[in-house]
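Please read the following report beside the sequence and the coordinates. It takes up overall organisation, helix packing and selected loop residues in turn.

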Amino acid sequence: MRDPDPRTVQRARRGDLLAFEDLVREFQADAFRFAWHLTRDRQLAEDVTQEAFLRAFRFLKGFRGDRKFGSWLFSIVRNCAMDSLRRQRRSEMPWDDQFLPRSLADPTARAELEAALRSVSAEHREAFLLVEVFGLSYQETADVLGVAVGTVKSRMFRARQALCLAIADEEEAT
Amino acid sequence: MNCEQAQLVLSTRMDGERVGARQAEAAAAHAEGCVRCQVFAQRSARIRSSVRIRAAESVPDLVEPIMVAVARERIRPSLAPATDRRIAYRRPRHRRPMTLAPAVAAAIAGLIVGSLVVGGPWQMGANRPIAAATVVGSVRSAAPALDAFQGTYTIHEFGLSSEVPERLLEMDVAFLSPQRFRLEVDDRTRYPSSSWTPTDLLFIEDLTTTFTSGPSGCPGDLPEGVCPRTRATTARLSEYSAAAPVPADLVLPVATFGSTRGFQVLDRERFDGRDAVRVRLSFERAAPMFPFLRIGGTWRPFFDRDKVLLWLDAGSWLPLRMAVYPSRSGDRREWELRYGRAVESPDAPILDVRMESASEEPPDVSLFRIPGASAPEPHQLDDLPARIGYAPATPGDAGDLELVSIVLPTASAPVTPSSLLVYAAGLDYLKVAERRDWRGPGPFGPVDDIAQQITLGEGGVAYYEPAGEGYGRRLAIHTPTADLFVETNLSRERLLEIAASLPVRGEALPSSWRRLGSPGVKVERIGVAEALATAGLPASLPERLPEGYVVASAELSKVGTAIEGVTLFLRQPDTDAAGEPLTLHIERDTGLPPPSSSAQSRIRFAGAEGRWTPNRSQLEWVDGGAYHSLQGQLGFRALLEIASAVVGVTS
């Protein structure tokens, strides 16, 4: 994830709405995708994205730039998603067959991966999502999840192990 | 190194994370001879490509709703402390230039305006779209921070008449908090004969006292009998005004951008060396930005839907230029014919107002001295009970607004309040007027009978009107002991919050005030739900209305005993400028009345028979055995669209 021009963030911190709108334009797609992956509900993901940007605007003054804007925003999206899932009394990230977009080029590969991902625990899946799908570094992922870098490293490894195992099972079954 | 350790290293390296050289070497050496680790690496790579090679997902565009929420957030004073808002401005070192040649003035305008923005000019992406809510929120939040302003402008007007095809006027505008405005127009046109009276205007507003001076309007090329020449300057002085300050939107377009609807943000572009946001809106929508047209003198006419292009400074949100172009619509041609005007090209401006210079240097207080007005008597809140017999209601939550004036009007006009409290912060204002002996009928103050009945705070009733016709957003509150009128340029939400903090509990207007009539005709204000039911309309009707419109209020009318009609008043909640107020009148078991205008055309739409009367902007039709009339200055197409949404729902 590309970091925004620091001058834009500075201006947005001073309350410049044009600058904040620039940030919204730049990050809304990633924020929505992340929210969608966390909630698996399009409407809920839209609500979460809106709420996350509103919270980001409120808290922007407190953003000191000691971590990347993108990972700071993602941690807010994650908190908003957890809050809204909690409100819906869904304690864990929901799961269905749509982890990956239906339009994924190779349907066989998709089905295989869907099945594999289902076998991975929620916390491993979350780390995997941030690193593999959103291209975050371990440090950024750690910032989003509020864990140590070492934890991200081991979760990524465990996620890959589980996925490789699941793919092996699929291969044997076919 | 075992498989577990080697795969951890492989996984970490795959993600581009740092691994010690020794560890990397050991892992590579292990994997070379280990089939399990090779399979792990291959499968991991396959998973990666499956995840990363994916078609674009459909992502909704959420910018507008996000910015609407953010802009709303921004207007809550608790979240935007005054000190933070004020740093957006800096006092320039130089006073405004008073006598500069236009070209020189234009060249330095950018520099001076630029100095209003901390951080100096920055380059913006020209092609990035901008949400309407960003403009609204930015303008709104700049208002309370602006304490003083001086600006000079040039006004080029084209097409006043064949004798005077072009005019040049210079305009000085000054503002000093609290609520002091001055607008002076100096007509520099060389007229062809002495029969023309230059449009030299002076307008001063000092809190609630206003002064206007200028010639009465009369173009020099009209025959004497049609328009009597007058060189005499007409001066008007009013001791008390409940209306919005006239030139405020020239300083900062707070009223114009009181709603996110009814304008289009075109782009960002450099203008006079400044980053500017270019906005397109109709002349009617932009009317508050042309206050000089209303003050006096002679001006060319404008069609409501003429196009206005507006350049707003992207840092200070001051208007840098406003250019009016003739609308391309066919209605414009009809309008030209009706007024006997020449056909005008939609590509050439007919009015071009440019800011030549601006500064935040406080203007001299003497500029706001009103000729002939005596200095207002200062009052203290504590002294008022002894003076007027009651303690006026004051809002508990006025936010950043400070009480800046207490007026006790002496002239006793029918709707003059007995006390008026004025609150202000920068350009923001709030007026609370009170009257103890109001006998109705209708709400007190400039609030119409058709105002929307709303609930305040803990159940108190109030009557709300959106901004429009020279007024800000208004609220009337009726209580058994007092009637209050509150007016402001703050947002609707903020007005309702402040009104809810007044120590009064509003009641519904007495039933006798809600009934009007003459012999044989009775009109009664009724609730919206009741009106919809009476008219046989579904409660879901408001959902079918064009975006933003609400059913603000309703009336039941009875002519004799035979005809019973329901009238629904449809309005935009923030400002009338966002969409013309509409009236939808329905009479059950009634057909089309006989033709009442020579310019009526029969129409048929969505299976209903009807007719269109252009000079009244009225669409009438019969559907489900009921007569419908829809009226409002929206244009035929827009009215037809609304009518089509209503057709077929009358039960």
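The sections below move from conventions to chain B as a whole, and then to local features of both chains.

## Basis of the description

This is a predicted model, in which local features need pLDDT of at least 70 and side-chain atom pairs count only at pLDDT 80 or more, whereas totals for chains, interfaces and linings use all residues. Residues are numbered from 1 along each chain as its sequence is written, while chains are lettered from A and ligands numbered from 1 in the order in which they are written.

## Organisation of chain B

Chain B contains 17 helices and 27 strands, these being DSSP runs numbered from the N terminus (helices: H or I, at least four residues; strands: E, at least two). Its division is into domain 1 (3-52), domain 2 (104-220 + 231-365), domain 3 (379-509) and domain 4 (515-646), with bounds that come from an automatic or database domain assignment. Between the C-alpha centres of domain 1 of chain B and domain 3 of chain B the separation is 73 Å.

Of the 651 residues of chain B, 43% count as buried; a residue is buried if 20 or more other C-beta atoms lie within 10 Å of its own, exposed if 12 or fewer, and partly exposed in between, with C-beta atoms placed from the backbone. When contacts in chain B between residues at least 6 apart in sequence are considered, 65% join residues at least 24 apart, a contact being a pair whose C-beta atoms, placed from the backbone, lie within 7 Å.

## Helices of chain A

Helix H3 (residues 42-59) of chain A packs against helix H4 (residues 69-87) of chain A at an angle of about 130 degrees, and their axes are 9 Å apart. The axes are lines fitted to C-alpha atoms, for helices over the stretch in contact, and the angles run from 0 to 180 degrees between N-to-C directions. H3(A) and H4(A) are therefore oblique to each other, given that angles under 35 degrees count as roughly parallel, over 145 as roughly antiparallel, 65 to 115 as roughly perpendicular and the rest as oblique. Residues of H3(A) that meet H4(A) include Leu44(A), Val48(A), Ala52(A) and Arg55(A), and among their counterparts in H4(A) are Leu73(A), Ile76(A), Val77(A) and Cys80(A).

In helix H6 (residues 122-133) of chain A, nine of the 12 residues are buried, so the helix is largely enclosed by the rest of the structure. The buried residues of H6(A) include the charged-group names Arg125(A), Glu126(A) and Glu132(A) as well as Phe128(A) and Leu129(A). Just after H6(A), Gly135(A) takes a positive phi of about 70 degrees.

## Loop residues of chain B

The peptide bond from Ser177(B) to Pro178(B) is cis, with omega near 0 degrees, and Pro178(B) belongs to the loop between strand S2 (166-176) and strand S3 (180-187) of chain B. Asp272(B), which is not a glycine, has a positive phi of about 50 degrees; it lies in the loop between strand S7 (263-271) and strand S8 (274-282) of chain B and is buried, with 20 other C-beta atoms within 10 Å. Ser617(B), also not a glycine, has a positive phi of about 50 degrees, but is partly exposed, with 17 other C-beta atoms within 10 Å.

Ala398(B) is in the loop between helix H12 (384-388) and strand S12 (402-407) of chain B. Not counting residues up to four places away in sequence, Ala398(B) touches Tyr423(B), Leu430(B) and Ile498(B), and its C-alpha atom is separated by 9.5 Å from that of Leu495(B), 97 residues apart along the chain.

Conventions: Two residues are in contact if their C-beta atoms, placed from the backbone, lie within 7 Å.
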